[in-house]
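Hi everyone, thanks for making time for this.

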Amino acid sequence: MPERKYAWLAEAIADNGIVVTASRRLSRELRVAFDEQQQANGKTAWLAPPIWSWQDWLSQQLTAIADAKRVPTHLDSFSETLLWEQCLKKQLPEVLPGFAGAVRQAKQSWHRLQDWMIPVAELGTTARSYDERMYAQAAAEYQRRLRAGSWLDRGGKAAVLADLIEQRQLAVPERVFLAGFDRISPAIRRVCAAIDNAGGTTTVALAPRHDSQMSIVCFDRLESELRTAGAWAREQLAANPHASVAIVSPILEANAAQIARLVREGLVPGWQYGGARYESAANVSYGRKLSEYPAVATALLILRWANQGLTGRELSLLLRSRSLASNETNGRSRIELALRRFPDRSWMAEEFCDVFGKTGTGIDSGTDIGTDTKVFLECAAEIAKVAKLRHDSASPARWAQRFDSILAAVHWPGPAVLNSKEFQLVNRWRELLNEFARIETIVPALNLAEAIRRLSALAADTLYQPESGSGLVHILGTLEAAGMEFDCIWISGLDASQWPPVARPAAFVATALQKKHDMPDATPGDTLAFAQSVLQRLAASAETCVLSWSMTRDDAELTASSLLETFTESSSVAATDPGWYAGQLVGAALSNADADDDAPPVAGDDRVRGGAYTVQRQVTEPFGAFVYGRLGVKPPEPIETGLSAGTRGNIIHNALHNLLATRPTQQEISAWSLENREQRIGSAVDAALAEHLVHADAVLRRIIALERNRLRKLLQDFLTAEIARESFALVDVERQVDYSAFGVRIGLRIDRIDRLDDGRLLLIDYKTGQVKNFLDRNGEPADVQLIVYADALADDIGGLALINVDSRTIVYKGAGAGSPRNKQDMDIWPEILRGWQAQVHNAMKNIAAGDVRMNVLLSAKDSRPLNILSRKEEQKRVD
């Protein structure tokens, strides 16, 4: 019969005993275990067990002292960080890159110095490098500031408590049990000694020592290792549903999300489709930064918008978020699409309201902006009002109140009823505002920008994990599992690169000083010995133990940790990688890969979108023609800085249209004087750029000015090339044509139509950017766009031409008469054109019939946007 876990716990708590743990996780685990023991003993009610984590116990003891004046004011963690920041800045000539990291390391080193009871004076006497001397001075200043303000930080709690116990100013607990401490620091020993000397007793709870059934397993890759660990955990639970199972990883802190996903693949295959219940089957001990939760990230963006402009990308997130304004996003989505037409820039809230607040401005004219958009614009207007406070100086507590009011005014976190995890997150955010208010001790007053920056930093430094069920399997880090007992444990990642872990001695502290006081990781021997002790403790914490490592990770070859040599394998485990759950679905999918997937034929009232591009897509990728042409799917334009390639292309097209709108003949163009030509070009360019200047900021205006100069030269080169062509007369520009064939109706717009000397027409399409060929290497059309135009006009077409308009050169590519290059024999030109038109007819027939075949030869880049709507990947496997 398996031994009861935490058998020592009931005795430790009996007779006024208390349990102090190394971590809050262990304290929670022990409370649950104690409750289960009481239930097993038939009890229906009992007092809550006095189980505290070390830091919580110190705070509780110091709060309980009768004479509160004897205890300095406690500083929270963020106030400590701000104080260290001020002290370090005082020692540095200027704030250097990575300063925030230096502040974090300085704070961590201070805590370790306090735990090992090292006087600040020793820092200065042992300092050798500039960094060590700088830190010694900053630490002295930090200590001086603590004493001057009568403040107490986390590292000083143990010393103050020991003093109070020694001075008999505090009631001494009768019995104290320490649990889960891999290292007992001098500061802890001093508190224990003070308790013992005052008549109490302190005892270190012995770590569990199971005679484990040991297995050692090797895998090809990390993915296989963790999926197999999940499958093994499922087998253990199938054999004993009440078993306590843990999977430990030494790199959980850095890769918690990836490790959890891989374990779930083996533990709960298909967990992605099972909702929160399946996902919570694996309980991960490591949380995420509070600022990474979408609702909190949205709140921080809203507050930033009150102080400064947001980029288009940031506004796009707000417009799509359901954590403010309203649940509906249809109208906001239209504004988000309109926003993408603007070059990325900084948008103040007031300016955003001016541009998008009126129907027809920023969105399609005549379109109702929708109720949800009106609510969002009202929220933006509320945010704009706060901008008037940018120059105010107020206390952190006052800013916290204002921030809460701002978020309430914009209906954050949204009108929807919150579930348990969302409710916990909102409460944690409000706790964060309270923590921010408490920094008034260190920073009495600050402006809006500084307040938002400090609050954002606090959110980024705060790890948060919502409370949920304990889960079926614990996923833990090596130190988080200290003191815990399990039925089965799998310890992964035991390759030489990860175990022993990289030593982390105290930063900015002389090595000689650390060695003198036997500080953690002061020597390689200490790091090795501690790693060995931790691994032995983990292995002995369960009756069944598996140790594993991978031979490769991210294409790097690995070897087993040398510490595995100290273990003797006593049993074997079936290490079969279950693979990806999605891979199991491929067979079923492939069995239906040949199913009839044709779309319905085009009906009489259907209008196919996309113009000639849809016909071209039908030739190369029929499914794409269906998605874009018949379903009307339109990929959102990317948000780009400056004028995007597409925008620049449209400007060139508009400028060319403006220049030739009067349909001048070649002779007339040649007769234009230099002054007249420059005037016409200037007018054409200014008209093309006018709409982009309406809401342009200073940066965009400068970019447009550069673009204006580029376009002037470009059009000069274009006219020179046009004059050098064979004789022509310009018939029309941007002609709208309705094309109908085989029941398919498509709207076309032809860039330009010229008439040649023999009376036939030359159809022209402008291309910008990289030079495009009309014919491929086999003499066949690379694109059927111009051929569609020829078929739609049903006129005597003498030639087809692409004019590549680029700053470097003007290049003509085409076929037939009137094209400077790639002329076809005019005797056979009609026959050639009819053959090409037959390809267009075939494509139109297929569109009409509902052809949605997939081109499995397209590159991943070209086909990826359609994969979510198709079975292309399945079809590729069939082929």
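This is a predicted model: local features need pLDDT of at least 70, side-chain atom pairs count only at pLDDT 80 or more; totals for chains, interfaces and linings use all residues.

Here's something to start with: which residue in β22 is the bridge partner of Val-805?

Okay, the partner is Ile-810, in β22. That pair belongs to the join between β21, residues 797–805, and β22: seven bridges link these strands, and they run antiparallel.

Now zoom out to the sheet. Five strands make it up, in the order β18-β19-β20-β21-β22; the sheet is open and the pairing is mixed. At the edges you've got β18, 728–741, and β22, 810–816, each of them pairing on one side only. From one strand to the next, the twist averages 30°. As a quick reminder, strands in a sheet pair through backbone hydrogen bonds, and they can do that parallel or antiparallel.

What lies across the sheet? Helix α29, residues 698–723, lies across β18, β19, β20, β21 and β22, and runs at about 40° to β22. Then there's helix α30, residues 785–793, which lies across β18, β19, β20 and β21, at about 145° to β20.

Let's move to a pair of helices, α13 at residues 294–307 and α20 at residues 448–461. Packed helices get described by the angle between their axes and the distance between the axes. Here the angle is about 165° and the axes are 9 Å apart. Anything over 145 degrees counts as roughly antiparallel, so that's what we call α13 and α20. Their crossing is left-handed. Among the residues that meet there are Leu-300 and Leu-303 from α13, and Ile-452 and Leu-455 from α20.

Is Gln-616 buried or exposed? Gln-616 sits in helix α24, residues 612–620, and counts as buried because its relative accessibility is 14%, where the cut-off is under 20%. Beyond its sequence neighbours up to four places away, Gln-616 touches Ala-782, Asp-783 and Val-784.

The other one is Arg-340, in the loop between α15 and α16. Arg-340 is buried too, with a relative accessible area of 15%. Its side chain makes a polar contact of 2.9 Å with the side chain of Glu-336. Setting aside neighbours within four places in sequence, Arg-340 is in contact with Ser-316, Pro-636, Glu-637, Pro-638 and Ile-639.

That's my tour, happy to go back to any part.

Definitions and conventions: Residues are numbered from 1 along each chain as its sequence is written. Side-chain values use heavy atoms; hydrogens and water are left out. Two strands pair if DSSP finds at least two bridges between them. Helices (H or I, at least four residues) and strands (E, at least two) are DSSP runs, numbered from the N terminus. Axes are lines fitted to C-alpha atoms, for helices over the stretch in contact, and angles run from 0 to 180 degrees between N-to-C directions. Contact means heavy atoms within 4.5 Å. Buried means under 20% relative accessible area, exposed over 50%, partly exposed in between (1.4 Å probe, protein chains only). A polar contact is a pair of N or O atoms within 3.5 Å; within protein, one must be able to donate a hydrogen and the other to accept it, and residues adjacent in sequence count only if both atoms are side-chain atoms. Angles under 35 degrees count as roughly parallel, over 145 as roughly antiparallel, 65 to 115 as roughly perpendicular and the rest as oblique. A crossing is left-handed if the near helix is turned anticlockwise from the far one by less than a right angle, and right-handed if clockwise.
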